[in-house]
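Q: I have a model open and want to go through it before setting anything up. Can you take me through a few sites?

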Amino acid sequence: MDRRSFLRNSLVATAGGILLPKMALSAVDPRLLGGAEKELPSGVLEEQVLEALPGKKPLIKKTYRAPNYETPVTYFEEIFTPNEAFFVRYHLSNIPMVDEKTWRLRIGGDAVERPLELSLDDLKKNFEQVEIVALCQCSGNRRGLMKPHVPGVQWGYGAMGNAKWKGVRLKDILNKAGIKANALEVVLNGADGPVLNEPDFVKSIPIWKALDENVILAYEMNDQPLPHWNGFPVRVVVPGWTATYWIKHIVSIDVVSQPYKGFWMATAYRLPLGKFPMVERFTSQETAVNTPITEIVVNSLMLHPRDKQIFRRGQVIEVKGLAWDAGYGIKMVEVSIDGGKTWREAELGKDYGRFSWRQWKYTFKADKKGKYVIMAKATNRIGQTQTFELIWNPAGYHHNVVQRVEINVV
Ligand SMILES: Nc1nc2c(c(=O)[nH]1)N[C@H]1C(S)=C(S)[C@@H](COP(=O)(O)O)O[C@H]1N2
Ligand SMILES: [Mo]
């Protein structure tokens, strides 16, 4: 956003302006961290508090300027993450409250035939409405578990959420504006911006991805208008790709014929080439050594049992959690109760669509006393699976190491 609108808006709603109640000054209850407490750097653990942003439930505060708040894993028992508990991630601290009446979406760029300006009413009335369930996961989810540790927000397990998104297809809007043959990328910018001279958070996606029928501009989340902190009034939803491309408070979309070279594309959100499996590539942004992050890697989260939980001999133990991938679909989740020596297939829950996470469970009777090391590993329909060894990378992305949970049967 430009400097004039920054001055106009900054008094209203910079994240820094409001004094918030601290919900707890002690460390966050480990039950909300789902085991991440074992691996987070110690300074991070001690500084963590639960704090409620306006309109939100108390979430695990990581940083306040810019606002970065993690969802306690207890909310992941529900298939749809409640809007008030959905995680919040920002790079910059000038976050204006957008008025839906004056909000406009500008479509332009050198590879567009007819630049457009749309109001929220235009979006809702003149384009087909679609709904899609999709997991929104930060590229750096679980960064705090990286060893050696890397700089950046020290997320545990909760920088993600699953929601039902309603909106219009980006492709319908681009087609209305008319795309020239030389269109290469689509540049996305939101209403938030820097406070000083940091680079504005602007992202691009390849034109072929922008024209994918699953990519939408969403104005509803779980049947409600988007919460302010999750992109009111409209955000981009790029199912299957990490949330860095899911631009909130979207105000401009430019179809361009040249690779977009801003900081958040050229420098940040990059992976070493060849380290991770990657089907959907962003070739116009690749260099000889690295690539922008694209698809979410196959992953799972065990919600039960909890680490160090104690059970009685003869008790039936339910191992359960979630599994997800970039949208190929989860084929199976295998569970081990003997530290990885043997594996059994878990039962998959209802399928809410290929971009949604999927619940799974496996029950067994604990008929021996002693320690059990429980593990869960998801595999998708194209054969991708989770790793046992961390694939370390300097920005701390794509952590999908198989979890180990230790319980005691007495
Ligand atoms: N306008 C804007 N959109 C943004 C960001 C941002 O800083 N500004 N961060 C992105 C990143 S990296 C993530 S992980 C998601 C987080 O979405 P959420 O805050 O709704 O959970 O928003 C994305 N969209
Ligand atoms: Mo992110």
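Q: Is Ser139 buried or exposed?
A: This is a predicted model. In it, Ser139 has a relative accessibility of 3%, which is under 20%, so Ser139 counts as buried.

Q: Where in the fold does Ser139 lie?
A: Ser139 is in a loop, with β7 (129-137) on one side and β8 (160-169) on the other.

Q: What does the side chain of Ser139 make a polar contact with?
A: The side chain of Thr242, at 2.9 Å.

Q: And which residues is Ser139 in contact with, leaving aside neighbours within four places in sequence?
A: Thr242 again, plus Thr244, Tyr269, Ile293, Gly396, Tyr397 and His398.

Q: How does the lining of the largest cavity divide by residue type?
A: There are 12 nonpolar residues, six polar and four charged.

Q: What about the second largest cavity, what volume does it have?
A: About 60 Å³. Ser139 is in its lining, and so is Thr242.

Q: Now the annotations. What does UniProt place at residues 94-264?
A: An unreviewed entry gives "domain: Oxidoreductase molybdopterin-binding" there. Over that range the chain is 12% helix and 32% strand, and the C-alpha atoms at the ends are 17 Å apart.

Q: And which residues does the dimerisation annotation cover?
A: Residues 292-409, listed in an unreviewed UniProt entry as "domain: Moybdenum cofactor oxidoreductase dimerisation". That stretch is 0% helix and 46% strand, with its end C-alpha atoms 45 Å apart.

Q: One more residue, His228. Where does His228 lie?
A: In the loop between β12 (224-225) and β13 (235-237).

Q: Why does His228 count as buried?
A: Because its relative accessibility is 14%, and the cut-off for buried is under 20%.

Q: Which residues is His228 in contact with, again leaving aside neighbours within four places in sequence?
A: Tyr90, Ile95, Pro96, Met97 and His249.

Definitions and conventions: Residues are numbered from 1 along each chain as its sequence is written. Chains are lettered from A and ligands numbered from 1 in the order in which they are written. This is a predicted model: local features need pLDDT of at least 70, side-chain atom pairs count only at pLDDT 80 or more; totals for chains, interfaces and linings use all residues. Side-chain values use heavy atoms; hydrogens and water are left out. UniProt positions are given in the numbering used here, feature names are shortened, and annotations may be inferred rather than shown by experiment. Helices (H or I, at least four residues) and strands (E, at least two) are DSSP runs, numbered from the N terminus. Buried means under 20% relative accessible area, exposed over 50%, partly exposed in between (1.4 Å probe, protein chains only). A polar contact is a pair of N or O atoms within 3.5 Å; within protein, one must be able to donate a hydrogen and the other to accept it, and residues adjacent in sequence count only if both atoms are side-chain atoms. Contact means heavy atoms within 4.5 Å. Ala, Val, Leu, Ile, Met, Phe, Trp, Tyr, Cys and Pro count as nonpolar, Asp, Glu, Lys and Arg as charged, and the others, Gly among them, as polar. On a 1 Å grid over the protein atoms alone, a cavity is a set of points where a 1.4 Å probe fits but cannot get out, and a pocket is an open set with protein on both sides within 12 Å along at least five of seven lines; lining residues have an atom within 4 Å of a point. Grid points are joined across faces, edges and corners, and a volume is the space filled by probe spheres set on the points.
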